[in-house]
Amino acid sequence: MKKIIPVGLVLVSLAACSEPLIEVTSAPVKARIDSSVPQERIAKGTSELTVRAFTPPEGNDVRGPEVVGATCSLQSDELSATAITPQVVILPKFVQKKEFESRGVPGALAIRCTSEQGDGTALVTASEKNATGVYANSGGGLATLIITTAVTAAVASSTPWSYPPNAHVTVVE
Amino acid sequence: MWRQIALIGLAASVLAACEDPMAVSGPPKTASVSKSLPQERVLGTASSVIRTFHLNAEGKREEIGGVPCTVRSRHFSAKIVSPQRVNYPSFLQAARFEDRGHPGTLTVSCSGGGKSGAFTVDAAPANLATGAIHARVDAVYSDGTRTTQGGAFTAPIHSKQLASSYPWSYAGTIIVDLDP
């Protein structure tokens, strides 16, 4: 398991060597909360999810050129939103409580992006704490489909559920 | 009795793990998906490697290749020749879908060289997080034993709760034992 951390560092380092990310200039969009979600499930505060799209990487690159203007729909049991890449989506945090089913963990956010360069999907799951988001590609099987953050035993059981800060979707023709 | 079965299963897994698996030849096969499957229920793809085993003349369990197999579920089907990878849709798990979007069981039926076998595996939440958590069941044998990928499995404190948001997954490797 100790090997995983260095691998993660290498990935982050490699990501840092790629082209710089395009500055987000559009205003953040706030996710809609489904009317069926009880108010008591919504925690104080919000989190920001930056949605970006990329073409597939070539050679040893971690990702291809960033795609501007991909239309991405975000959908979960509780939330929905539309983002035009790159754009920040403001998401609510969810109360973690043992009285709630599955301790109140919100559903996974399914992201579907369409663009002139192709289409792509990703799945973003909630965790108990914010950490560096893990980049994911579409079409590579489950291992590369899910964007999440590692959960450790040190996390308090009362910490609200939130989503990771980055969702990078690879679009493929 | 269950302890004996578990020990036998463990022994079978260890024996299977002692030998290198046969190299997967040929490109992955993409399953044909039912047109009635709503697109909102799927997101991306998942895959499994289908392998076949039999007892050789010495009574030793060994992998055998080149066996035609049919992979069939309620929503997709494919024909492969073992050992081969099959790609199929990844099914979202969500409360807004009936039965949380559970895609049902997957049956692999193989027949060749005068031997045949079949195995049915159920879908389970892919409790697969990038990082220290790696809970996916990697192989399911037709005798019911399971192995986990990588050998190191650290359960997160709330793995059960987090599993409710993960897509449904079949085993990464499905092994079918062939009998005469």
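**View 1. A proline of chain A sits between two strands.** A:P86 lies in the loop between β6 (79–84) and β7 (87–94) of chain A. The model shown here and in every other view is predicted. The peptide bond that leads from A:T85 into A:P86 is cis. Its omega is near -15°. Most peptide bonds, by contrast, are trans.

View 2. B:P83 is found in the loop between β6 and β7 of chain B. Here the cis peptide bond joins B:S82 and B:P83. Omega is about -10°.

View 3. B:D99 is found in the loop between β7 and β8 (106–112) of chain B. B:R100 is found in the loop between β7 and β8 as well. Most residues other than glycine have a negative phi. B:D99 is not a glycine, yet its phi is positive, at about 55°. B:R100 is not a glycine either, and its phi is also positive, about 55°. How does B:D99 count, buried or exposed? B:D99 has 8 C-beta neighbours inside 10 Å, so it counts as exposed. B:R100 has 16 C-beta neighbours inside 10 Å and therefore counts as partly exposed.

View 4. β3(B) spans residues 42–55. It is mostly covered, with 13 of its 14 residues buried. Seven bridges tie β3(B) to β7(B), residues 84–91, and the two run antiparallel. Within that pairing, B:S48 has B:V86 as its bridge partner. Five bridges link β3(B) to β14(B), residues 173–177, and these two run parallel. There, B:V49 is partnered by B:T173.

View 5. β4(B) covers residues 61–64 and pairs with β3(B) over four bridges, in the antiparallel sense. One bridge sets B:T52 against B:I64.

**View 6. Five strands of chain B form an open sheet.** The order is β2-β6-β5-β8-β9, with antiparallel pairing. Which strands stand at the edges? They are β2 (32–33) and β9 (115–121). Each has a single partner strand, so one side of each is left without a neighbour in the sheet. For β2(B), two bridges make the antiparallel join to β6(B), residues 76–81. B:S32 is the bridge partner of B:S77 in β6(B).

**View 7. The largest nonpolar core includes residues of both chains.** This core has 65 residues. Among those with the most contacts inside it are A:C72, A:L74, A:I111 and A:V124 from chain A. B:V71, B:V108 and B:I174 of chain B belong to that group too. Which element gives the most to this core? It is β3(B), with six residues.

**View 8. A:C72 has contacts along chain A.** Neighbours within four places in sequence are left aside here. The contacts of A:C72 include A:V51, A:A53, A:T82, A:A83 and A:T85. Also in contact with A:C72 are A:I111, A:R112, A:C113 and A:V169.

View 9. Of the 173 residues of chain A, 42% count as buried. Among contacts in chain A between residues at least 6 apart in sequence, 69% join residues at least 24 apart. The count in the title is that of one helix and 11 strands.

Terms used. Residues numbered from 1 in each chain as written. Chains lettered and ligands numbered in written order. Predicted model: local features only at pLDDT ≥ 70, side-chain atom pairs only at ≥ 80, totals over all residues. Buried ≥ 20, exposed ≤ 12 C-beta atoms within 10 Å, placed from the backbone. Pairing = 2+ DSSP bridges. Core = buried A, V, L, I, M, F, W, Y, C linked by C-beta atoms within 7 Å. Contact = placed C-beta atoms within 7 Å.
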